[in-house]
Amino acid sequence: MKYRYYLFDFDGTIADTGEGIRKSVMYSAEKLGYAVPDVEVLNRFIGPPLHDSYKRYFGMTDDQAEHAITVYRERYIDIGLYESCLYPGIPALLKALRAREAYVALASAKPQMMLERLTKYFGIDGYLDAISGTGLHRHDADKQDLLMAALPEGAKAEEACMVGDRCFDIEAAKALGMHAVGADYGYSLPGELADSGADEVYAASPDMVAALLEGDVPRGMFITLEGSDGCGKSTQIARLKDWLERRGYEVVLTREPGGCPISERIREVILSLDSKGMSAECEALLYAASRAEHVREVVEPALKSGKIVICDRFLDSSIAYQAYGRELGEDLIRQINAPAVGNLTPDVTLLLQVDRARARARMASGAPLDRLEIEREDFFERVARGFDAVRSADPERVHLIDASRSIEEVFRDVRSVVGEALNN
Ligand code: TYD
């Protein structure tokens with residue numbers, strides 16, 4: 001690594017905490033009878049010590065500012081804190097720096113207790129060597145002190161790289177002799193970071209991440225969802241995408257058959273009722289053909305660039321539907337798919353299971369049925385046996401989830417399996 005120590009500011013650098021801060025400042029202004037400032041002014045509260053901002057933007061005295069902070073926290077601690085999300089690429093960056101044995105720490109004018117809560121909430125606490133924040137009632141936090149406190153005993157500031165989104169961050173880092181990286185995607189004003197002496201400035205967080213990792217971005221993660229028709233995958237996939245994005249992961253959502261223009265055209269041929277009577281062999285080859293294009297066009301490039309790919313069905317569906325459902329046998333289906341998938345295996349597979357009656361009821365209330373969905377009951381029984389076989393063959397990868405419960409309960413399991421996989 002270029003530097004031994006990496007120090008990060010929090011608000012506007014690691015996390016977009018704007019919504020919670022703005023709403024809590026508005027809450028305090030309304031409650032204390034001040035005019036609510038416009039969003040430009042509200043954004044000035046993100047980053048620097050609140051005490052200074054209340055004095056500067058509301059014309060308060062020290063005592064008034066102290067009281068305003070107490071009111072602000074009535075809302076911020078339980079609600080505002082969680083109205084935030086990590087910037088894209090952040091968890092991958094922290095994890096990769098850690099894996100390369102760099103020292104990684106936070107240095108922020110936010111109270112220590114809030115930084116600890118938030119890093120735990122976002123699941124990044126395990127990647128940090130130190131968190132340097134302020135006391136709840138300390139308003140004279142000096143950024144240089146915070147930066148030095150984030151470093152281990154005896155560390156040389158010149159061996160540290162600091163990333164921040166405001167002039168206070170950059171000026172403090174430069175005064176200490178650190179390398180200063182400007183996060184222009186945060187709450188800086190135009191030109192603020194370059195003017196304050198930043199050595200590098202990035203307009204988007206993935207660019208900052210790629211620069212710090214010198215282009216060597218770790219491979220992303222391949223998550224697939226499987227299950228019989230009507231198992232409720234789509235709802236869970238949408239939830240999972242949102243949950244991951246709020247945690248700073250870049251997500252590509254895709255599906256099979258389909259997922260890219262050529263494969264979507266193949267999908268139409270496979271699923272159309274006009275294709276009634278298609279031979280099982282033709283069907284299996286078309287699924288594999290669609291997969292070959294999709295892996296090359298979408299899945300592999302996204303994984304290479306560090307993204308999480310969530311795919312609605314993959315090879316396991318061909319095992320369940322074509323090997324078992326159509327009784328073509330597993331050997332043939334694996335052979336047919338070898339050129340399509342190469343060495344690619346999902347990192348995690350969520351297998352959603354519901355009983356047939358419930359699945360049928362869900363399908364009946366949805367879009368018109370396609371060529372596979374109108375198959376006879378014995379076909380779906382064989383498909384279910386196929387999924388059982390898929391799971392028994394690789395229980396470490398394939399996680400069975402009881403999808404007959406409420407959306408919320410199912411999602412809790414989905415989140416827990418994916419969360420664990422991300423930590424490993
Ligand atoms: P889709 O509408 O995506 O079904 P669902 O919403 O239930 O996932 O249609 C995909 C259909 O194709 C579905 O019936 C399962 C089937 N299928 C196979 O038979 N083999 C495969 O390899 C794949 C990917 C899907």
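## Helices, strands and the model

Helices (H or I, at least four residues) and strands (E, at least two) are taken here as DSSP runs, numbered from the N terminus. By that definition, proline 257 is found in the loop between β10 (251–255) and α12, and the protein as a whole has 18 helices and 13 strands.

The model is a predicted one, in which local features need pLDDT of at least 70 and side-chain atom pairs count only at pLDDT 80 or more, while totals for chains, interfaces and linings use all residues. Residues are numbered from 1 along each chain as its sequence is written, and side-chain values use heavy atoms, with hydrogens and water left out.

## Overall dimensions and burial

Along its principal axes, the C-alpha trace of the protein spans about 80 × 50 × 35 Å. Of the 424 residues of the protein, 53% count as buried, where buried means under 20% relative accessible area, exposed means over 50%, and partly exposed lies in between (1.4 Å probe, protein chains only).

Serine 53, found in helix α3 (residues 50–58), counts as buried because its relative accessibility is 4%. The C-alpha atoms of serine 53 and serine 279 are separated by 71 Å, and these two residues are 226 residues apart along the chain.

## The ligand and its surroundings

The ligand sits in the largest pocket. A pocket is defined on a 1 Å grid over the protein atoms alone, as an open set of points where a 1.4 Å probe fits, with protein on both sides within 12 Å along at least five of seven lines; a cavity is a set of points where the probe fits but cannot get out, and lining residues have an atom within 4 Å of a point. A molecule sits in a cavity or pocket if more than half of its atoms lie within 2 Å of its grid points.

Of the 16 residues around the ligand, Asp229, Lys233, Tyr287, Arg313 and Ser318 come nearest; a residue is near a molecule or strand if one of its heavy atoms lies within 4 Å of it. The shell around the ligand divides into 5 nonpolar, 3 polar and 8 charged residues, with Ala, Val, Leu, Ile, Met, Phe, Trp, Tyr, Cys and Pro counted as nonpolar, Asp, Glu, Lys and Arg as charged, and the others, Gly among them, as polar. Helices α12 (261–271), α13 (280–304) and α14 (315–325) each supply at least two residues of this shell, and α14 gives the most, with 4 residues.

An oxygen atom of the ligand is 2.7 Å from an N or O atom in the side chain of aspartate 229, and for the side chain of tyrosine 287 the corresponding distance from a ligand oxygen to an N or O atom is 2.8 Å. In the side chain of arginine 291, an N or O atom lies 2.9 Å from an oxygen atom of the ligand. The protein covers 91% of the 540 Å² of accessible area that the ligand has on its own, with accessible areas coming from the Shrake-Rupley method with a 1.4 Å probe, and, for residues, only the protein chains shown counting as cover.

## Backbone features

Most residues other than glycine have a negative phi, and most peptide bonds are trans. Arginine 313, in the loop between β11 (308–312) and α14, has a positive phi of about 80° although it is not a glycine, and this residue counts as buried because its relative accessibility is 12%. Glutamate 214, in the loop between α10 (205–212) and β9 (221–227), also is not a glycine and has a positive phi of about 50°. A cis peptide bond, with omega of about -10°, joins glutamate 256 and proline 257.

## Helix α14 and the residues beyond

Tyrosine 324 lies in helix α14 and counts as partly exposed because its relative accessibility is 26%. Glutamate 327, in the loop between α14 and α15 (330–341), counts as exposed because its relative accessibility is 57%.

Aspartate 378, found in helix α17 (residues 377–393), counts as partly exposed because its relative accessibility is 30%. The side chain of aspartate 378 makes a polar contact of 3.2 Å with the side chain of arginine 376.

How values were computed. A polar contact is a pair of N or O atoms within 3.5 Å; within protein, one must be able to donate a hydrogen and the other to accept it, and residues adjacent in sequence count only if both atoms are side-chain atoms.
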